[in-house]
Amino acid sequence: MEQPKGVDWTVIILTCQYKDSVEVFQRELEIRQKREQIPARTLLLAVEDPEVHVGSGGATLNALLVVAEHLSARAGFTVVTSDVLHSAWILILHMGQDFPFDDCGRAFTCLPVENPQAPVEAVVCNLDCLLDIMSHRLGPGSPPGVWVCSTDMLLSVPPNPGISWDGFRGARVIALPGSTAYARNHGVYLMDSQGFVLDIYYQGTEAEIQRCARPDGRVPLVSGLVFFSVETAEHLLATHVSPPLDACTYMGLDSGARPVQLSLFFDILLCMARNVRREDFLVGQPPEMGQGDADIAGYRHGARAELWRELRDQPLTVAYVPDGSYNYMTNSASEFLHSLTFPGAPGAQVVHSQVEERQLLGAGSSVVSCLLEGPVQLAPGSVLQHCHLRDACPLPCQGPIHIGTGCFVSGLDVAQSEALHGLELHDLVLQGHHVQLHGTRSRAFTLVGRLDSWERQGTGTYLNMSWSQFFQKTGIRDWDLWDPDMPPIERCLLSARLFPVLHPSRALGPQDMLWMLDPQEAGSKALRAWRACWRLSWEQLQPCLDRAATLASRRHLFFRQALHKARHVLEARQDLSLRPLIQAAVREGFPGPLMATLDQVAAGVGDPGVAARALACVADVLGCMAEGQGGLRSGPAANPEWVRPFLYLECGDLARGVAALAEERDKWLSRPALLVRAARHYEGAGQILIRQAVMSAQHFVSSVPVELPAPGQWVVAECPARVDFSGGWSDTPPLAYELGGAVLGLAVRVNGRRPIGARARCIPEPELWLALGPRQDKMATKIVCGSLDDLQDYCQPHAPGALLKAAFICAGIVSVHSKLSLSEQLLCTFGGGFELHTWSELPHGSGLGTSSILAGAALAALQRAAGRAVGTEALIHAVLHLEQVLTTGGGWQDQVGGLMPGIKVGRSRAQLPLKVEVEEITVPVGFVQKLNDHLLLVYTGKTRLARNLLQDVLRSWYARLPAVVQNARNLVRHTEECAEAFRQGSLPLLGQCLASYWEQKKLMAPGCEPLAVRRMMDALAPHVHGQSLAGAGGGGFLYLLTKEPRQKEALEAVLAKTEGLGNYSIHLVEVDTQGLSLQLLGD
């Protein structure tokens, strides 16, 4: 299902606490724009809060000012004006406070979900989910204005939340349902029957919460989502020049104003709630702020008075989304693990990860962006993120790396794997961090208990035990962690100097924390090493975290596992698309390693089918690098610079061929035009491998010697055309041998004639005389081949007589690689030369299988003239071989349809050598005549461009685009349904088959339905059971099953009244029950 069109944001701005994170998060927004998650024209801004503790309201006001300033400058103003808001859709995203389980905050916490529809493969962060919800669910339909979204929550919103914007003004909050128990620790809205906010309670009393309850007992939770109309946003923006609110913005602080802390919900929005009285509002304070002195209280009183003056008259309404859900991301490790795991699930959730031994992952656990090599055991309810673990322990008695229940492990690399051996972790949070100390980058590791509290109040614990138990167990003393003059009330996990960040003589590792789990085993040496380290508390560690290095490390690990994925998908022949991964590698700077991996697969797999797909993936990488410039992907692939690698491939030397391709490729990376041309040559290389696979059909080509015709006696082969009723494209290599093909086709006469034919005879001159024409008695082109040089263009499809020349070569009459001259070969074997004429009464690009059937007729006539008889089934495979020699490619349905009589299904299995088997379909008595009365051909007047269509289909198949893979399977399945409709003799059922088949063709090859053809089909639709363009589509013949018999004249009248159709014509058609016929005629 297609995703609805999202909001075309004018600006997206991300606010963050730390100044040194601005550039990092700006790049993250830009990366998401490259991934097409954000519209290309959207202005992206990351901005630090003016002060660390300005609150959500201060951050909102500052962000709004920054946006207005940028838009004003962009519009050519020299001062900030709110006029720029009138046609802008603005999204403000707040990063919020530090998060103990992700160094980059709650926004960049990775979730165990995948988006299979995403055009670019990537790990899904909470920020990505919120962007999707805002752009595609909550945002659509809203008027210009300002959306504000916190990123400290996990949200779920249905696709159509049912929010009406009719007559809207003021501000609107989005509320999601929660239980009364959950509301005790959160905010909740009191609203009236019309949806106006009456009051906002935070950690309200039981009575207050019950007043907010809905009929179903749930309450509307404060969810961190607000929309301001342009009018309200202007009023809010106006406060930035009024003391003391000016201190919420960078302008005020730059002017020396004293910082003020402001809450979005309990300052800005609360003053708009209808039941709130001015005197209560002015003396109140938001719950996120502690008690302050009288001076601060007076300062806040002035700020609230200014908000009341500007915003009190603005209405505040609630949009309640009953089918959504909201969960605040608390500092509780237990709650965090619960949000990332899947209790009751039958298996582990493995996302963007490569795991060698999946059976060791416990049910309900989750693994996100990891590479796990060797035995790594993960218990139910535990989570692994951003880890590259390798069990390379030389002592098998220690068993696998074992991460027990209740654990969250993140940020560990191969170098740290050894520290996990011999341990079984339970109820622990182990994290690796990138830190920067005085400009030097290093790693640090933290270990805390799942049950430990990050709050300052209450009884503290560490590693799930009391501090006294911890001191007794480890030998650590309180003076190791806190200064002696620190008050006991401030001694907590946040302030304890537990975490080593620098060792005097070596790099740090997890062992510098893990020894605390078993101090007796580790010995006093571990305690001395810990004491020798420079250690920081959690609070001290936060400003030292290197978020740029963290995100870069995650990205590198993602692509490391992605390379393993690419190799596995190709080698295991999985129908999984690598195109989103290719897009990710190119857009995020990793195309080189990906192409190197694809080279290794192509060179080392020893399977031409897998190698061809790997080369097609390289072509996709090159095409993606061109970024839509440099020309069309389809085009010539015979540049002399690429001859050497092609020759290696032709000779079957895959390894040297792939290496030579890569060597040449490096010279073509400098600009889009060269990249596109290189991509074409990689597709050409893939065609060589396809050709070699299809050549295996030669196994089923055989002939028997027969008496030579009399000198000068013509052997005439005549054939019907074919009409495909179902399954086309599934016969096309490589689909024919990778998926397996099934096509139902009819041999047909057009206007009572068999329109395709060839004739051959021996001549005394040791030459080859070739002639081509529209009729047997009208040859338009004549060619004489007196030497082997005249045959050298046999593999260039557009060269005059190329098909006929290829027929002589494939029939074994001449060899272009022989040391003997042409005349010597002909005289030695046959005592003279041959004359070969071919004709087709059908227009070029008819879609009725002309070229393949013509090839079959030419081969049949030539072989008989040379004293050999070839069976029809052998001839079908011989045409496959000929078309590979000719380099046109193509499948087997055309020759099956035209060489074999009547109604039949051709099938090939998903294997090599490629073998085609044909089943005749038996229909009820009299049904063939009935079919003839209802079947018509309409020549559309449009020439079909099947070559480009074929290249596009092969590209989509090799990319394993999900829609194309599913459609290809449906083509095969529907062929069997169509065969059953013929057996029943049901025209309406056959019409349904035709209609479905045409939809399948359009999905397989977008662009195969010209506008004039669509007009024609629309005009004919009321009169037919079903209709489809023949063959690949794009032009040629349209065939239709009419509801009434013998409708040629009636439909001519219908089309005559339809404008814009061009030069069309309607033709009678009937089923041919003879197929290929051979006759010997006199001179």
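Visitor: Which residue in S18 stands opposite Leu371?

Guide: In this predicted model, local features need pLDDT of at least 70, side-chain atom pairs count only at pLDDT 80 or more, and totals for chains, interfaces and linings use all residues. Residues are numbered from 1 along each chain as its sequence is written, and side-chain values use heavy atoms, leaving out hydrogens and water. Strand S15 (residues 371-373) pairs with S18 in the parallel sense over 3 bridges (strands are DSSP runs of E with at least two residues, helices runs of H or I with at least four, numbered from the N terminus; pairing needs at least two DSSP bridges). Opposite Leu371 stands His388.

Visitor: Which strands stand at the edges of the sheet?

Guide: The open, parallel sheet has 3 strands in the order S13-S15-S18. Each edge strand has a single partner, so one of its sides lacks a neighbour in the sheet. The edge strands are S13 (354-355) and S18 (388-390).

Visitor: What angle does the direction of H19 make with that of S15?

Guide: Helix H19 (residues 547-571) packs on the sheet and touches S13, S15 and S18 (contact: heavy atoms within 4.5 Å). Angles run from 0 to 180 degrees between N-to-C directions, with axes fitted to C-alpha atoms, for helices over the stretch in contact. The direction of H19 makes with that of S15 an angle of about 55°.

Visitor: Are H25 and H30 roughly parallel or roughly antiparallel?

Guide: Helices H25 (residues 672-694) and H30 (residues 872-886) pack with axes 9 Å apart, at about 155°. Ile690, Arg691 and Val694 in H25 meet Leu880, Gln884 and Val885 in H30. Under 35 degrees counts as roughly parallel and over 145 as roughly antiparallel; H25 and H30 are therefore roughly antiparallel.

Notes
Angles under 35 degrees count as roughly parallel, over 145 as roughly antiparallel, 65 to 115 as roughly perpendicular and the rest as oblique.
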